[in-house]
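Notebook open, viewer open. I want to go through the strand pairing here and then step back to the whole chain.

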Amino acid sequence: MALLNAALFAACLCLASAQVIPRNPAVVAPEPYDPHPQYSYSYAVQDPVTGDTKQQQESRDGDVVQGSYSLVEADGSLRTVEYTADPVNGFNAVVSNSATGIVSAPVKSAAPAPVIAAKAAPVYAPAPVYPAVPKVAAPVYKAAPYKAAYPAAAYPYSAHPYNAAYAYGATPYAAPAYSYGAAPAAAYPYSAYPYSAGYSGYPKYAY
């Protein structure tokens, strides 16, 4: 894919740099050259409405040009300028003024634009100042007193004072003393029956 993009980019560059050669190039004819040009012209303007009065005339013969122009100034005087130009002396002009009695038309001044008085910006009353609201401390709640849900015992435990004599370990335990030699004598002591080796009255048991 990258190789294809590079090939397309190179082809576009080649097309952009190639010069387009027209099949039928137009032949431009060279401008005609006049080694000794000559001309002459003149014009004049005279407008009684506006008072515009002017004229000019000029002629050329090879590299020598001469002419003049004149116009009526605003004060009625005629201003005339005569000039010449050639390769040796260059451009030279002679200016002269003369009275003609022609009064230029008065120039109508434009009516002054009406002056619109600027309106003063409205003055607004200052915003009312409200007194600062004092800060109130948050209320502190106290715990409700505890009340027993049942009545007090008629005989409180404290009515029976503690007796240290009954405390555990306060009174040592005394084991009772038993005397084995004090047993009473049998009512019929064994010795009352004398043993007789020849007595055969004992029952006989077969073992």
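I began with β3 (residues 64–72) and β4 (residues 77–86), which pair in the antiparallel sense over eight bridges. For the record, strands here are DSSP runs of E with at least two residues, helices are runs of H or I with at least four, and both are numbered from the N terminus. Two strands count as paired if DSSP finds at least two bridges between them.

Ground rules, noted before going further: this is a predicted model, so I keep in mind that local features need pLDDT of at least 70 and side-chain atom pairs count only at pLDDT 80 or more, while totals for chains, interfaces and linings use all residues. Residues are numbered from 1 along each chain as its sequence is written, and side-chain values use heavy atoms, with hydrogens and water left out.

Ser77 has its bridge partner in β5, namely Ala99. β4 and β5 also form a hairpin, with three residues between them.

How does the sheet order its strands? I read it as β1-β2-β3-β4-β5, an open sheet of five strands with antiparallel pairing. The edges are β1 (38–47) and β5 (90–99), each of which pairs on one side only. On average, neighbouring strands of this sheet are turned by 10° against each other, direction ignored; the axes are lines fitted to C-alpha atoms, and angles run from 0 to 180 degrees between N-to-C directions.

Whole chain now. I count one helix and five strands, running α-β-β-β-β-β from the N terminus on. Buried residues (under 20% relative accessible area, 1.4 Å probe, protein chains only) make up 8% of the 207 residues. The chain exposes about 20,400 Å², with carbon and sulfur atoms supplying 64% of it; the areas come from the Shrake-Rupley method with a 1.4 Å probe.

Last entry, on contacts (heavy atoms within 4.5 Å): of those with a separation of 6 or more, 19% are between residues 24 or more positions apart.

How values were computed. Buried means under 20% relative accessible area, exposed over 50%, partly exposed in between (1.4 Å probe, protein chains only).
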